[in-house]
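The following exercises are to be worked through with the sequence and the model side by side. Each task is followed by a solution in steps.

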Amino acid sequence: MISPVGRVGSVLFALLAGASLCAAAEPAYGPRHGGIGGLIGGSQVFADGDYSNARTPSMEFGDIDARPRLAFGANLRYIIKPWLRWQVSPGFFWAGYKHTSLLPFRDLNFPADLTKEKILTLVMPVSAQIQVTRHRGDWLYHVGAGPGVYRVWIENRRKVLKDPFTKRLHRGFYPGVSAQLGAERFFSAVPATSIEVSAAGHWAFADRPDQFPSGYNSALLGAELKVGANYYFELKRFVKKKSETAVPGAK
């Protein structure tokens, strides 16, 4: 079976190959421009605790029971200077687990389940970043970081997991931070459009010991590799001129 990351790699190769056939052109990208884009790719939860690992005596440092899954995201951008821009990114990624990964506690809805085979960790980030960009040939590279808000919840067989001690549903909003590294290439035929490949990391402070003392109570580290497209436009196009809004015959 081809993994989600493998499928993303194939799509990325095809897009880059197509873009390489286009001659370079001056992109419609500059100060006071906005941008909107969408991306799809793969994700992996690397840490921490029950979000990534099983509670087994044989577990060694670096062992990961979380399995890679698809990831989705959007880019909303504003270019401040040729080398500086803002970005707000809503998205979604999740993790499944090995069938041998043990549950940290007994699920009240499904008490016969002993492993994480049907468990999903779902994360909905909304991050805000300041990004530094640089042109190199036909490519526009960027690196950025900033704060974020993360909606995290745990499901078993499509039902939200409940802590057996506090009886609280395991879901909530948490603060966090994100970082991103990526590159874009613009099309000669449509210079306002670019393809992009980017890698991002998310660190969510998803721990609440007073609500979830039984498990799934630690920070969460997720990583994404995505590919997609962006469209840039002049914001002044959406601002009506005074002459257009003036009442006919008015002085």
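**Exercise 1. The setting of strand β1**

How many of the 15 residues of strand β1 (residues 33-47) are buried, and is the strand enclosed or open? Identify also the strands with which β1 pairs.

Solution. The model is a predicted one.
- Step 1: a residue counts as buried when its relative accessible area is under 20%.
- Step 2: eleven of the 15 residues of β1 are buried, so the strand is largely enclosed by the rest of the structure.
- Step 3: β1 runs antiparallel to strand β10 (residues 220-234), and 14 bridges join the two. Within this pairing, glycine 34 has phenylalanine 233 of β10 as its bridge partner.
- Step 4: β1 also pairs with strand β3 (residues 69-81), again in the antiparallel sense, over ten bridges.

**Exercise 2. The pairings of strand β8**

Determine which strands pair with β8 (residues 171-186), and in which sense.

Solution. 
- Step 1: strand β6 (residues 139-156) runs antiparallel to β8, and 15 bridges join them. Tryptophan 153 has arginine 171 of β8 as its bridge partner.
- Step 2: β8 pairs with β9 in the antiparallel sense over eleven bridges, with phenylalanine 186 opposite serine 194 of β9.
- Step 3: β8 and β9 form a hairpin, and six residues lie between them.

**Exercise 3. Salt bridges**

How many salt bridges does the structure hold? Locate the partners of glutamate 196, aspartate 113 and lysine 226.

Solution. 
- Step 1: the structure holds seven salt bridges.
- Step 2: one of them joins glutamate 196 to arginine 77, with the closest N and O atoms 3.0 Å apart. This pair links distant parts of the chain, since glutamate 196 belongs to strand β9 and arginine 77 to strand β3, 119 residues apart. Glutamate 196 counts as buried because its relative accessibility is 2%; arginine 77, at 5%, also counts as buried.
- Step 3: aspartate 113 and arginine 157 meet through their side chains in a salt bridge of 2.9 Å, N to O. Aspartate 113 lies in the loop between β4 and β5 (119-136) and arginine 157 in the loop between β6 and β7 (159-160), so the pair ties together parts that are 44 residues apart in sequence. Aspartate 113 is buried, with a relative accessible area of 14%, whereas arginine 157 is partly exposed at 41%.
- Step 4: lysine 226 forms a salt bridge with glutamate 224, the closest N and O atoms being 3.6 Å apart. Both lysine 226 and glutamate 224 are buried.

**Exercise 4. A loop serine**

Is serine 218 buried or exposed, and what does serine 218 contact?

Solution. 
- Step 1: serine 218 lies in the loop between β9 (193-204) and β10.
- Step 2: its relative accessibility is 13%, so serine 218 counts as buried.
- Step 3: beyond neighbours within four places in sequence, serine 218 is in contact with Asp48, Gly49, Tyr51, Ala206 and Asp207.
- Step 4: a polar atom of the serine 218 side chain lies 2.9 Å from the backbone oxygen of aspartate 48.

**Exercise 5. A nonpolar surface patch**

Which residues form a nonpolar patch on the surface?

Solution. 
- Step 1: the patch consists of Ile36, Leu76, Val88, Val126 and Tyr231, which together have about 400 Å² of accessible area.
- Step 2: valine 88 is found in strand β4 (residues 84-97) and is partly exposed, at 37% relative accessible area.

Key: Residues numbered from 1 in each chain as written. Predicted model: local features only at pLDDT ≥ 70, side-chain atom pairs only at ≥ 80, totals over all residues. Heavy atoms only, no water. Patch = residues over 30% accessible without salt bridge, like charges linked within 9 Å, V, L, I, M, F, W, Y side chains within 5 Å. Areas by Shrake-Rupley, 256 points an atom, 1.4 Å probe, with all protein chains shown as cover. Salt bridge = Lys/Arg side-chain N within 4 Å of Asp/Glu carboxyl O. Helix = DSSP H or I, 4+ residues; strand = E, 2+ residues; numbered from the N terminus. Buried < 20%, exposed > 50% of the residue type's maximum accessible area, 1.4 Å probe, protein only. Pairing = 2+ DSSP bridges. Polar contact = N/O pair within 3.5 Å; in protein donor to acceptor, adjacent residues only side chain to side chain. Contact = heavy atoms within 4.5 Å.
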